[in-house]
Amino acid sequence: MKVLAGPCVLEDRDTVFRIAEKLKPLSEDKRVEFYFKASFDKANRTSLDSYRGPGLDDGLKLFEEIKKEFGYKLITDIHESHQAAPAAEIMDILQIPAFLCRQTDLLVAAAKTSCIINVKKGQFLAADAMKHPIDKILKTRGVDEVNYQNSLDKNVWLCERGNTFGYGALVVDMRNLLLMKEYAPVIFDATHSVQIPSTGGTTGGNSAFVPSMAKAAAAVGVDGFFFETHVDPSVAKSDGPNMLKVEDLYKTINEIFAIQEALGYNKPLI
């Protein structure tokens with residue numbers, strides 16, 4: 001099972017390394033293919049005054065330190081096409097943010113790297129619309145037909161986080177997880193699925209719902225999970241309200257494995 005986990009954004013070095021250290025048992029779990037997740041720049045913050053991260057150059061240097069210290073595979077967002085090539089020198093997965101999932105230049109630039117690409121479904125799109133971003137990436141990588149196997153072979157994933165309908169919360173339609181698997185392996189973003197976007201000057205959420213959402217997605221049969229986690233979400237510099245404490249993350253993952261075992265998902269889905 002794929003597990004993508006880490007802080008929302010790269011904070012100070014000490015905090016990031018504390019979180020990375022706490023995730024070592026997860027990285028050593030033989031049932032898990034682990035990727036350490038964080039963003040070097042949160043370019044879509046609600047407020048101009050919100051913390052965005054250290055930026056591309058300093059962020060990649062910190063990621064390089066994490067890889068050297070812990071041996072982790074790494075995932076980060078990119079927001080502009082020029083970021084793809086330098087990020088690919090360090091990262092194992094390039095993530096396309098939900099708001100940018102239709103941006104052709106960004107998708108093509110990512111596809112030209114050797115990285116896995118994880119495309120988040122836009123909150124404004126139906127599941128079947130995600131065939132088109134996958135098509136752009138696969139064609140750039142020399143494949144004409146969009147299907148699960150081709151995406152698996154070419155290291156292209158889709159990520160679901162829910163839809164917004166104008167009343168300030170995200171809603172996950174579990175049917176989308178199955179519909180999107182026609183096109184690519186599907187990662188369920190459990191922590192962003194409970195966001196309450198733009199509550200005042202920041203994004204809110206309710207992390208109490210995260211374990212239930214993750215367990216529901218496990219029962220559906222997704223290929224992996226995305227979690228944002230922190231040693232103390234109350235002081236996180238981004239997305240704290242929908243994060244899990246590291247200890248709660250481990251409990252949730254154990255419950256996911258119990259569901260997979262009960263349903264016969266005994267082998268890695270990717």
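I began at Phe63 and, leaving aside its neighbours within four places in sequence, found it in contact with Leu10, Ala38, Phe40, Leu74, Ile75, Thr76, Ile90 and Met91, contact meaning heavy atoms within 4.5 Å. The model is a predicted one, in which local features need pLDDT of at least 70 and side-chain atom pairs count only at pLDDT 80 or more, while totals for chains, interfaces and linings use all residues. I kept the numbering from 1 along each chain as its sequence is written, and side-chain values use heavy atoms, with hydrogens and water left out.

Next I looked up the nonpolar cores, each a set of buried Ala, Val, Leu, Ile, Met, Phe, Trp, Tyr and Cys residues joined through side-chain atoms within 4.5 Å. Here buried stands for under 20% relative accessible area, exposed for over 50% and partly exposed for what lies in between, with a 1.4 Å probe and protein chains only. In the largest nonpolar core, which has 75 residues, Phe36, Phe63, Ile66, Phe225 and Phe227 touch the most other members. Helix 3 (residues 56-70) gives the most to this core, with six residues; helices (H or I, at least four residues) and strands (E, at least two) are DSSP runs numbered from the N terminus. Apart from that core I noted another, of nine residues, among them Leu4, Ile116, Ile187 and Phe226.

I then turned to helix 3 itself, and listed its buried residues as Leu56, Gly59, Leu60, Leu62, Phe63, Ile66 and Phe70. They lie on the same side of helix 3 because they cover an arc of only 160° around the axis, the arc being that of the directions from the helix axis to the C-beta atoms. On the other side of helix 3 I found Asp57, Lys61, Lys68 and Glu69 exposed. The cover over the buried residues of helix 3 includes helix 1 (13-22), helix 2 (24-27), strand 2 (33-37), strand 3 (73-77) and helix 4 (84-88). After helix 3 comes Gly71, with a positive phi near 75°.

Last, I looked up strand 1 (residues 2-6), where five of the five residues are buried, so the strand is largely enclosed by the rest of the structure. Lys2, Leu4 and Gly6 point one way from strand 1, whereas Val3 and Ala5 point the other way. Strand 1 pairs in the parallel sense with strand 2 over four bridges, and with strand 12 (residues 224-230), also in the parallel sense, over five bridges; pairing requires that DSSP finds at least two bridges between two strands. I noted Lys2 opposite Glu33 in strand 2 and opposite Gly224 in strand 12.
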